Amino acid sequence: MKDFPKIETGLVNAEKVEEIAGFLMAFTVPVLVLYADGREYLREARFVQVEKLRDDLSKIYEGFFGE
């Protein structure tokens, strides 16, 4: 996430905060969800391909921040 400094990140343990799984409809772990302006833009779950994630984040980041 160092390449995307304007994206704030957080980590939630779904076992400790069970309500988050229902809220995010996360039925498997890990789940990476990107929200912007109250809308979900990206969701990756279980097996996350790092290069695909980086490419997807780059496109979204450029769209929002023009970088």
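Colleague: Is F64 buried or exposed, or partly exposed, and at what relative accessibility?
Modeller: This is a predicted model, and F64 is found in helix α2. Buried would need under 20% and exposed over 50%. F64 counts as partly exposed, because its relative accessibility is 35%.

Colleague: Which residues make the nonpolar surface patch of about 240 Å²?
Modeller: Patch members need over 30% relative accessible area. F65 is partly exposed, with a relative accessible area of 33%, and F64 stands at 35%. The patch of about 240 Å² is made by Y41, F64 and F65.

Colleague: How many aromatic pairs does a search of the whole structure find?
Modeller: Ring centres must lie within 6.5 Å to pair. Searching the whole structure on that basis gives a count of four.

Colleague: What kind of pair do the rings of F4 and Y61 form?
Modeller: The ring centres of F4 and Y61 are 5.4 Å apart. Planes over 60 degrees apart count as edge-to-face. The planes of F4 and Y61 stand at 65°, so the pair is edge-to-face.

Colleague: How many residues apart are F4 and Y61, which link distant parts of the chain?
Modeller: F4 sits in the segment before α1, while Y61 belongs to helix α2. The pair therefore links distant parts of the chain. The separation is 57 residues.

Colleague: Is Y61 buried or exposed, and at what relative accessibility?
Modeller: The limit for buried is under 20%. F4 has a relative accessible area of 7% and is buried. Y61 also counts as buried, because its relative accessibility is 4%.

Colleague: What is the angle between the planes of F64 and F65?
Modeller: F64 and F65 form an aromatic pair, 6.3 Å centre to centre. The pair is tilted. The angle between its planes is 45°.

Colleague: Which residues form the one aromatic cluster?
Modeller: F4 and Y61 make an edge-to-face pair. F64 and F65 make a tilted one. The cluster consists of F4, Y41, Y61, F64 and F65.

Colleague: Which residue lies over the face of Y41?
Modeller: A charge over a ring must be within 6 Å of the ring centre. The distance to the ring centre of Y41 is 4.5 Å. The residue lying over that face is R39.

Colleague: Which residue in β2 is the bridge partner of V33?
Modeller: β1 and β2 pair in the antiparallel sense over six bridges. They form a hairpin with two residues between them. D37, in the turn, has a positive phi of about 55°. The bridge partner of V33 is R43.

Colleague: With which residue does E40 form a salt bridge?
Modeller: E40 is partly exposed, with a relative accessible area of 33%. The closest N and O atoms of its salt bridge are 2.9 Å apart. The partner is R43.

Colleague: How many residues apart are D3 and R54?
Modeller: D3 forms a salt bridge with R54, with the closest N and O atoms 2.5 Å apart. D3 is in the segment before α1 and R54 in helix α2, so the pair links distant parts of the chain. The two are 51 residues apart.

Colleague: Which residues are linked with E44 in a network of salt bridges?
Modeller: The side chains of K52 and E44 meet at 3.2 Å, N to O. E44 is buried at 13%, whereas K52 is partly exposed at 38%. The residues linked with E44 in the network are K52 and D56.

Colleague: What is the phi of M25, which is not a glycine?
Modeller: Most residues other than glycine have a negative phi. M25 lies in the loop between α1 and β1 and is exposed at 55%. Its phi is positive, about 50°.

Colleague: Where is the place of R46?
Modeller: R46 has a positive phi near 60° and is a residue other than glycine. Its place is in the loop between β2 (39–45) and α2 (50–65).

Technical notes. Residues numbered from 1 in each chain as written. Predicted model: local features only at pLDDT ≥ 70, side-chain atom pairs only at ≥ 80, totals over all residues. Heavy atoms only, no water. Helix = DSSP H or I, 4+ residues; strand = E, 2+ residues; numbered from the N terminus. Buried < 20%, exposed > 50% of the residue type's maximum accessible area, 1.4 Å probe, protein only. Phe/Tyr/Trp six-rings, centres within 6.5 Å; stacked < 30°, edge-to-face > 60°. Lys NZ or Arg CZ within 6 Å of the ring centre and 35° of its normal. Pairing = 2+ DSSP bridges. Patch = residues over 30% accessible without salt bridge, like charges linked within 9 Å, V, L, I, M, F, W, Y side chains within 5 Å. Areas by Shrake-Rupley, 256 points an atom, 1.4 Å probe, with all protein chains shown as cover. Salt bridge = Lys/Arg side-chain N within 4 Å of Asp/Glu carboxyl O.
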